[in-house]
Amino acid sequence: MRQSFPELEGVYDNPQLDYQSQVSPYTSRHVPSSYFSPYNQDREVDAHKHKLHPQDVEIAMHFVEPKHNKDSTSKDAFSNTSVNEVECPVGMISCSDGSSCVDEKDWCDGKVDCSDVSDEARCTCKSRVDVSRICDGYFDCPFGEDEMGCNGCSENAFSCEDVNMNARSTCYSKEQRCNNIADCPNHKDEIECSMLAPSLHKKPLFAVSNTEGFLHRNYKGNWYAVCNNPYMWAHDACRRETGLIIRPPFIQVLPIDPLIKVNYISTAPGGLVHTTNECLNSSAVYVTCPDLLCGTRMLTSSQLIKEDAAIESRLFGRNKRFLFPYRAMFYGGRAKRYVPNQNIKSDMLFKYLNSAKFDESRRKRAEGRVVGGKPSQPTAWPWTVALYRDGMFHCGGVIINQNWIMTAAHCVNKFWQHYYEVQVGMLRRFSFSPQEQNYRITHVIVNQNYNQESMKNDLSLLRVKPGIQFSRWARPICLPSPEVAGSDWMWGPPAGTICTAVGWGATEERGPDPDHMREVEIPIWENCKHEEDQSGKEICAGFMAGGKDACQGDSGGPLLCRNPMNTQQWYVAGIVSHGDGCGRKDEPGVYTRVSLFVPWIKYHITSKRLPIIQPKQECPGFRCDSGILKCLPKKRMCDKIIDCLDGEDELNCDINTLLEPNEKISIQNPLTREINENSNGNKSKEIINNSLSIENSTEDDDKVTTAKTLVTTLVDELISESSDS
């Protein structure tokens, strides 16, 4: 992208890395800590003291983990390849190394045809996006280039979306955007001209605003930091992100490094606008909008999908990947409970729970959702997130606040063995949309009463850091309470209430996961069908005749219901847990009843105490450095299908890149990381190194006994060290 668009140099650079050293007195959000509101301020977490979280002890007593290669695979950036093109027949293009000729229609189609990847190395984002997504009203590319040249406008112009009977619309250029002259009959060129951004970094034409940040104003297609008279523009930016303004925005003038070159805009007497490169002894305006009202949304007027349900139902896979033959893969769906003989011995049960047989029985009911639904509109469900495990889409989730996500417990089974990320503000899984944010999961808290057999108490909390930047695309959901769910909030919603399940789950039983977020409206049942679900006090929902349900991939996602006293506000009544099949007759979906866990949720999201045992903190595969900076699984590297915007996942491929290291089965303790980091933990480190040398044991019972003995020793050692300190 940098090579194709040299005029956009610097836009893809990481604003945090580029600007952090320049605004060193500030935090990662570039605001002095004294300015943080209690809602946005990070809690002080005493993570370095050896005070064991109850979850750590429970996990440490029950696990046997295979040893993984800790070395993440990395790749060099694209290197200049010597051009040795050959003459090709008409309609074909030569690869740069002259190895072959490729049909023009296969150039930049997302599938690698040249051995040197030259057919996919310098492609525009617009060529990466499926043709049905071009000019559909939604930005799938970082700079909105997929929405240029639409409705009869030229390639460098935007449509006012006022299509007439001749299928043509009024067009406007970059220079006509936000020039204080309405060139569009519907004034589209003069809306969303104010923005709040976390840095003063250069912004693309259609940048994404947040609920706090440095105030910018667009003028004739370019963004400028606001210097003075910010009140009107600050109010406009907050109103568009939060909705109704219940109090004025909090406006600060912050000093910045005088050596930084910043382009400013300000208003002179009489309302005249002028630009400059100086402002009040090197300062900038930072705005914090009023707190968001949970469960409310701002339906955007600038991006409404031209819905084509027939097309959306056919779109699966990575961008154009659905065009290529592939084997359908299923991840993280709803889990089917397994009820074993209650007299089974505990050590035998432990072996069984870690066996492939148990995993297979659970997968039968682990079938995600949104069968019989419809594609969702942008910003319709801004609290819904996608959870990725080791780079693969795995489950859904819902935003509670800036640092916490809620999902199903079965979505994070043996979480210490995996790396987790969440995609926030996402409508399409395989888009390069500027609205999306990617966050790493730092901690996982599983409800202590979760039962893998009966699927009761299927709930967990995920902590992200840094905090989520709220906007119209990413907002918190309400937890059940009398204010949002009515007087019978604990046991509601009442039977017959129509609620909505949302996610990226399969649209048919055992079908592939779709690209576009989908939603389905389903009625609440008075009682669950199965005795286990009744005893677990779960919520059951769906149509008796079937046909509408959640399905594979929707696990952990929200069941959303309206506030009976305010239909513009939503709360999360349930979390997608399990069910028999998808949309079957007389088989409801089963959802964890969130209201029963509100005290547990509030305790953990406000506690300063976090578990020591964490998920993996490094991507085990390959991380894109273009488009969305997401983690990819190793198996998607060098597979001849483009995943990263600039195609770097298919560059510098050789046999060593594709080889998988031999895995040795060993007993590992997730407490190792914490103890190894402790300067006073040399004795414990020696115990671990000596004790974890058992490999390829054939006796599972011996493994379990050894593991339990080891963990007991480690716990005693930690407690002893903690007491000494």
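Me: Which residue in S23 is the bridge partner of Leu560?
Reply: Good place to start: Leu560 is bridged to Val572 in S23. Keep in mind that this is a predicted model, where local features need pLDDT of at least 70 and side-chain atom pairs count only at pLDDT 80 or more, while totals for chains, interfaces and linings use all residues. Residues are numbered from 1 along each chain as its sequence is written, and side-chain values use heavy atoms, with hydrogens and water left out.

Me: What makes S22 and S23 a pair of strands?
Reply: Strands are DSSP runs of E with at least two residues, helices are runs of H or I with at least four, and both are numbered from the N terminus. Two strands pair if DSSP finds at least two bridges between them. Strand S22 (residues 558-563) and strand S23 (residues 566-578) are joined over 6 bridges in the antiparallel sense, so they pass that test.

Me: Why are S12 and S21 said to stand at the edges?
Reply: The open sheet has 7 strands in the order S12-S20-S19-S22-S23-S24-S21, with antiparallel pairing. Strand S12 (374-375) and strand S21 (539-541) each have a single partner strand, so one side of each has no neighbour in the sheet.

Me: Why is the contact of Asp136 and Arg428 called a salt bridge?
Reply: The term needs a side-chain nitrogen of Lys or Arg within 4 Å of a carboxyl oxygen of Asp or Glu. For Asp136 and Arg428 the N to O distance is 2.6 Å, so the pair qualifies. Asp136 lies in the loop between helix H4 (125-128) and strand S3 (157-159), and Arg428 in the loop between strand S16 (420-424) and strand S17 (437-446), so parts 292 residues apart in sequence are tied together.

Me: How do you know whether Asp136 and Arg428 are buried or exposed?
Reply: Their relative accessible area decides it: under 20% is buried, over 50% is exposed, and in between is partly exposed (1.4 Å probe, protein chains only). Asp136 has 5% and Arg428 has 0%, so both count as buried.

Me: Why is Asn180 called exposed?
Reply: Its relative accessible area is 52%, so Asn180 falls in the exposed class. Asn180 also has a positive phi, near 65°, in a residue other than glycine.
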